[in-house]
Every structure is written in structure tokens, then in C-alpha cells.
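Please look over the structure below together with its sequence.

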Amino acid sequence: MIEAWSPEDVYAAESALEDELASGELMARAVEGLAEVVAARVSQLGAETVVALVGPGNNGADALYAVAHLAETGVSCAAALDLERVHEGALEAARGAGVVLVSGAEALEHIAEADIVVDGIVGLGGRPGLPEAAAGWVAAIPDDAHVIAVDLPSGQAADGSGFDPDGVLADETVTFSVAKPVHLLPPTEQACGTLTVVDIGLMFDTDPAVVRLTFDDVANLWPVPGPDDDKYSRGVVGIVAGSENYSGAAVLAVTAAVEAGAGMVRYVGTPTPDGLVRAAVPEAVHGDGRVQAWVVGPGLDITSTRREAATQLEVARAALAGSEPVLVDATGLDLIDDDVIETRAGRATLLTPHAGELARLLTRLGPSRRSRKTVTVERSAVEAEPLRHARALAERTGATVLLKGSTTLVVPADPAEPVFSQADAPPWLATAGAGDVLAGLIGTLLAAGLDPAEAGALGALVHGVSADRASAGGPVRALKVAHGIPEAVAHLLTRR
Ligand SMILES: NC(=O)C1=CN([C@@H]2O[C@H](COP(=O)(O)OP(=O)(O)OC[C@H]3O[C@@H](n4cnc5c(N)ncnc54)[C@H](O)[C@@H]3O)[C@@H](O)[C@H]2O)[C@@H](O)CC1
């Protein structure tokens, strides 16, 4: 599990540790780890010139001390800085080691020739936007330079809330003790490159803000049956999905639920998808009945006037009114209104929209039950600030929200709990039907008793791994992802 703490918690942990250590010791630890990484890249890449971009705070000091260490070993190093505000100790060390100190036009010339750039403009203390001189430095970084960000790429929000295309886009980031939200959340993760965490000894007694499950976590979380289990104890999942025009969604969701190891799958649909499910997934049983969790929505048509569709819709509404956990996906999200929100208060509910669906749902529900205000939320706004909007929907509905995307966010109903951020899937998974597979897969985990946040994160991870293995570097269809689930789970369970 990779855990990221908020900037506030990191500052608190730093100041607690600083009180126990000799002055400068904490920074010395950070610098030692950073200098090691930079030295390794110099030799791996055969780099001849290293330029540090040095800001006014401790982040700049880290970068300056690191190039001072490097210069002592004979590497040609320069530092771009604004001499009015630089850490004095680091400046002295850099001068003593022969680092070339440059500013203004001279700084830009050095940056343009750099093989490696060490970005120490701002770290955790950075506010949105770059200091003026630094914006010029960043624009001068050559495309082929290897950029190492110290703690985080300057210009990107430390809490992961905002991506700046004019900020630093790093090939790698060296951070201290723990990851920060900027490293794990969309949209800022894309600016961080590979992450190295250097231990400087910080301790935390608070929960992390963001968590990412890794492959090693699967063995602890996946519901592996024991000798005393039967199909009912493993969990029965009910799937209300598919319609005359969207029949394939039913096949995909039911297939995924069966392949993920549900004890039993009950399918509720209209004649065409029902026939297809019978043919494709003989393991499924048909019709309403007792379940441990429901999946409501993939391919559902809530506007149809046909009798069978009305019966299917009744089951969907009953599932939402019932006490079992419910995953609500796709058209099922159109059934969420204030009455459903009230009924489901305190019951396990997982909403799984993509950015467009989340924008529509937030717009339709409005800011609160009593509010008459209409606020239109655009898809582009959700894409720019995915966590803020997913959290808004979780708060508005009291449900856990899984926001699908190349990185999938799972925001628990309880705002005190960490957010999951999973980035396990290849871009090939952006294909029709992939969401139906995810819904069926997570439905099985809910029926096995996992809570919505864990089921969502674990499901997203396994979905991504199955897609990756099925793709083998090329295109992949959703049905193949569903059929790949058993092999992906077996691989994850036996890799240690
Ligand atoms: N606190 C500690 O003991 C340690 C801190 N470390 C480093 O220190 C960093 C945090 O240091 P600081 O708290 O000094 O913060 P920063 O180094 O991020 O810089 C904050 C300074 O930059 C200025 N600033 C921020 N954003 C600006 C903007 N957009 N335009 C103009 N000026 C701006 C602020 O006014 C402040 O002077 C961490 O990211 C990490 O790199 C490490 O050395 C580990 C130990």
C-alpha cells in the first residue's frame, strides 16, 4: 500500500521530529538521499552538466546542497537562483564546492544546456503559480533534459488539486519519508514521473489522505474461500442490467461477476439480454431473489414502456430501497434522487460514474435537497478537479463514489477516511463495455462482504491488471478483460 499524507500533516510530523534532532539534521538526511539519486542519474545517463533551480525555501536548500555534494565529486554543476532569498548554509556550501551560481539571462543559458535539471523552486510550501523568475527557468528547460523534482514538481498543487501545464513536468520526483497527494492524484500525478521516497524518519499518528493499493495488498483483501464455504456464504450478487438496445452490458457485467468468483449471480433483465446471458453465462440464475449485494444500471433503459422493462425497473428500485449493499452504475445513476439518498443513508452504496455522468448527476441533484439554485457542472470541470467533484457527490449523496478514469478515484462516504487512487490499467482499457465489467467485478466483492471503498479500489486494481495481461501491449476488448479476471486474481494471489 502506498500512503500519502496531506501537506499539513507532513509539516506537523517534520516539526515534531525537528524538535528531537540536532539543527539541520532533517535536511541533511533529505539532501543525502536526493544527492544519491542525482549522482546515480549522472552516471546512468552519462550527463555532463547539472543545473539546480533554486527557490527561496527549504526545497531550494535541498536542491542547492545536493548539487554542492555532486560538484565535490567533480561533476559540472550550476545553480539558478535569486540571490536575495536563498538558504544561507546551502549557498555557502555551493560556493565552497565550486557550483556556478547564476541568475537572469545567464541562468537561462545554463538551463538551456543542462543534461539534468534539479527542480527545487518550491516544495510543500508552494502557492499556485511559479515565482516570476522561475517561470522563465522552467520554460527554458530543454525537452531532452532529465528533470528531477525535489519533493514535488514546482507549480503543481501539493494537495493534488490543480495541474499547471506551465509548471514543472518531471521525469522523476524524489520525495521525503512519505508520498504526498500530488504524487498519487489526478491531475497532478502526470507531472511527477517515477517516484522515489527517501526515508528521513518522519512518523505519523494520523490517517493518510490518499492510499493506493499495490499488487501485494491483493492477497490480504481478496475474498479467498475456505473449506467451510458454500455458494451462499461466498456471496450472491444480483445484477439488474441490460435492455433491448443495450443487451451486451448485461452479458459483460454478469460474466465479470461470475469470473470474479461470486458464489452465485442472479440476473434480472428484459427478453433480449436475458437470452444472451442464458447462452453466454450458463452459471447465472435468472429472476429476482435474495442476494448479498446488487449491481444496478449497466445498459438499463429506464424510459422503456414495455412490461418486462417495467418489471426490471421495479427490481432496480426495490434494490435501492433495500438494505443490501448496492453498486449503482451508468443509467442506474438516473434513479438517484433525494428520496433514494434519504432511504440509503447509512447503507453501503457505491456510485460508479465516469466524469460526464458525475457532472450530470451533480447538476441534476443541485447543491442540497432544499436548494432551488441550479448549478451546471461541466464534464471538463470534473476532469480538471476530479477529487473535489467526486467528494462533492459523496457529500451530497452520503454514498461512496468511484470516479472512473485513467486513474480511478474512490472517495468514501465518510470524509475522514482516506481516498483511494488506482492507476493500474493500460490506456487500451478505454473501450466500450469496460465499465460494465468493472461493475460486475466489484459487485462480487460487495457480495463477499467488502466495504464499498475497499471493494471499489480492489476491483479497479484487478480490472486494470486483467486488462493489462489481456492486452499484452495491444488493443483489448471488454469481454476479454472479464474472462481474464480469474487468471489475473490467481497471478496476484500467488506472486509472493
Ligand atoms: N521542514 C524540514 O525540515 C524539511 C523540509 N524539506 C524540504 O522543504 C520543503 C518545504 O520547505 P518550505 O516550507 O520552505 O517551502 P518551499 O521550499 O516550498 O518554499 C516556500 C517559500 O517559497 C515562497 N513561495 C511559495 N510559492 C511561491 C510562489 N508561487 N511565488 C513566489 N514565492 C513563492 C514562500 O513565500 C516561501 O518563502 C519540502 O518540500 C522539502 O523539499 C526537506 O529538506 C526535509 C526537511
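This is a predicted model: local features need pLDDT of at least 70, side-chain atom pairs count only at pLDDT 80 or more; totals for chains, interfaces and linings use all residues.

Residues are numbered from 1 along each chain as its sequence is written. The mean pLDDT (the predictor's confidence in each residue, from 0 to 100) of the protein is 96, and 100% of its residues reach 70 or more. The model scores ipTM 0.95 and pTM 0.95.

**Annotations from the record**

- An unreviewed UniProt entry annotates residues 214–492 as "domain: YjeF C-terminal"; UniProt positions are given in the numbering used here, feature names are shortened, and annotations may be inferred rather than shown by experiment.
- The end C-alpha atoms of residues 214–492 lie 10 Å apart, and the span is 46% helix and 12% strand, where helices (H or I, at least four residues) and strands (E, at least two) are DSSP runs numbered from the N terminus.
- The unreviewed UniProt entry also places a "binding site" feature at Lys404, Gly405, Ser406, Thr407, Thr408 and Gly435. Although these residues are spread over 32 residues of sequence, they cluster in space, with a largest C-alpha distance of 13.5 Å.
- Gly405 is placed in the loop between strand S16 (400–403) and strand S17 (408–411).

**The shell around the ligand**

- Of the 25 residues around the ligand, Gly57, Asn58, Asn59, Gly123 and Gly125 come nearest; a residue counts as near if its C-beta atom, placed from the backbone, lies within 6 Å.
- Helix H1 (7–20), helix H2 (25–45) and helix H3 (58–72) each supply at least two residues of this shell, and the largest share, four residues, comes from H3.

**Helices H10 and H11**

- The axes of helix H10 (residues 248–259) and helix H11 (residues 271–280) come within 9 Å and cross at roughly 40°, the axes being lines fitted to C-alpha atoms over the stretch in contact, with angles that run from 0 to 180 degrees between N-to-C directions.
- Ala250, Val251, Val254 and Thr255 in H10 meet Pro273, Leu276, Val277 and Ala280 in H11, contact being defined as C-beta atoms, placed from the backbone, within 7 Å.

**Backbone details**

- Most residues other than glycine have a negative phi, and most peptide bonds are trans.
- Asp151, in the loop between strand S6 (146–150) and strand S7 (172–176), has a positive phi of about 70° although it is not a glycine.
- A cis peptide bond, with omega about 5°, joins Pro186 and Pro187, and Pro187 is in the loop between helix H7 (181–184) and strand S8 (194–198).

Conventions: Two residues are in contact if their C-beta atoms, placed from the backbone, lie within 7 Å.
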